[in-house]
Every structure is written in C-alpha cells, then in structure tokens.
Amino acid sequence: MNAADLPATLGMELKRRKYFIRMDVLEQTLSLAKIRLYISLDLFVQVYRNERYQTTNLALIYNGQRLFARDELDGRWHRHKPETPEKHDKSKEGRRPVGIIEFLDEVEQVLAARDLP
C-alpha cells in the first residue's frame, strides 16, 4: 500500500461505494497519508499509512469507538475483530496482510451485521 497513491485509490472507492459521503485528507506527505472516508458524521473509515515505519492502520470508527480494524506495525499485521475490537487477533487470519479494497469489503460486512448506517 503506497501512501502517495492512497488519495486516488480512496477517491475511486468514494465514487464506487455510494454510502461514502465525503473524503477528508487529514495529512499527506510522500511517505505518509491519513485519510477519512465518511459514511455519516459519526461513522467513518480511517486509513493511515506510514511507509517509513512500515505502519498501516485501517479502522472503522463509530461514535469515537473502533468497531473493526486491521493494523500493520513494523511489517506485522493483526486484526481487531468486531466482536472484540479492543483485543489484538494474532491468529493466522488476523496476521494476514490485506489491501484497502479488501478491508473496505470487510467493513461492508461489519456494517451489514450491525445494521449500520
């Protein structure tokens, strides 16, 4: 996942996935990106990528709380499952790297299961 390409990639997803109402680029450099895709004012996907530290944070946030996430720290992935978003899932599935498109597909499943938005 390339930080420089994230705004364009997420911009395409904003058009493709009609439930997104807005995209805000919060921070952007050559090696870092922090972007939010809003579903509503209190429900959004936050994407953070820092290539220098090989860190990726993909999170679904609702009312200031993480509902679901996948994180890469120092090249190692873990997941925050919807049932236990406060815990790190380091199972084989939890450690599996995911791209932004796959993560957004997972977000759709979480939204449907919780009857959101």
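Biologist: Quick one to start: is Asp-74 buried or exposed?
Modeller: Asp-74 is exposed, because its relative accessible area is 57%. The cut-offs are under 20% for buried, over 50% for exposed and partly exposed in between, using a 1.4 Å probe and protein chains only. This is a predicted model, where local features need pLDDT of at least 70 and side-chain atom pairs count only at pLDDT 80 or more, while totals for chains, interfaces and linings use all residues. Residues are numbered from 1 along each chain as its sequence is written, and side-chain values use heavy atoms, with hydrogens and water left out.

Biologist: Got it. Where does Asp-74 lie?
Modeller: Asp-74 lies in the loop between S5 and S6. Its phi is positive, about 55°, although Asp-74 is not a glycine.

Biologist: Let's zoom out. How many helices and strands are there?
Modeller: The protein chain has 2 helices and 6 strands. These are DSSP runs numbered from the N terminus, with H or I over at least four residues for helices and E over at least two for strands. Along the sequence, the pattern reads α-β-β-β-β-β-β-α.

Biologist: And what order do the strands take in the sheet?
Modeller: The open sheet runs S1-S2-S3-S4-S5-S6, with antiparallel pairing. Two strands pair if DSSP finds at least two bridges between them. At the edges are S1 (22-28) and S6 (76-80), each pairing on one side only. Further in, S3 and S4 pair over 8 bridges.

Biologist: Which residue in S4 stands opposite Gln-46?
Modeller: That is Ala-59. Gln-46 itself belongs to strand S3.

Biologist: Is Gln-46 buried or exposed?
Modeller: Gln-46 counts as buried, because its relative accessibility is 17%.

Biologist: What does Gln-46 touch?
Modeller: Leaving aside neighbours within four places in sequence, Gln-46 is in contact (heavy atoms within 4.5 Å) with several residues, including Leu-26, Lys-34, Arg-36, Asn-57 and Ala-59.

Biologist: Switching topic: how many residues are in the largest nonpolar core?
Modeller: The largest one has 24 residues, and those with the most contacts inside it are Leu-10, Val-45, Leu-60, Phe-103 and Leu-104. A nonpolar core is a set of buried Ala, Val, Leu, Ile, Met, Phe, Trp, Tyr and Cys residues joined through side-chain atoms within 4.5 Å.

Biologist: Which elements give two or more residues to this core?
Modeller: Helix H1 (6-16), strands S2 (32-40), S3 (43-50), S4 (55-62) and S5 (65-73), and helix H2 (100-113). The largest share, 6 residues, comes from H2. A second, separate core of 5 residues includes Phe-44, Ala-59, Ile-61 and Ala-69.

Biologist: Back to Phe-103: what is Phe-103 in contact with?
Modeller: Leaving aside neighbours within four places in sequence, its contacts include Val-45, Leu-58, Leu-60, Phe-68 and Val-98.

Biologist: How much of the chain is buried overall?
Modeller: Buried residues make up 41% of the 117 residues.

Biologist: Last one: which residues does the cis peptide bond join?
Modeller: Leu-116 and Pro-117, with omega about -5°. Pro-117 is in the segment after H2. Most peptide bonds are trans.
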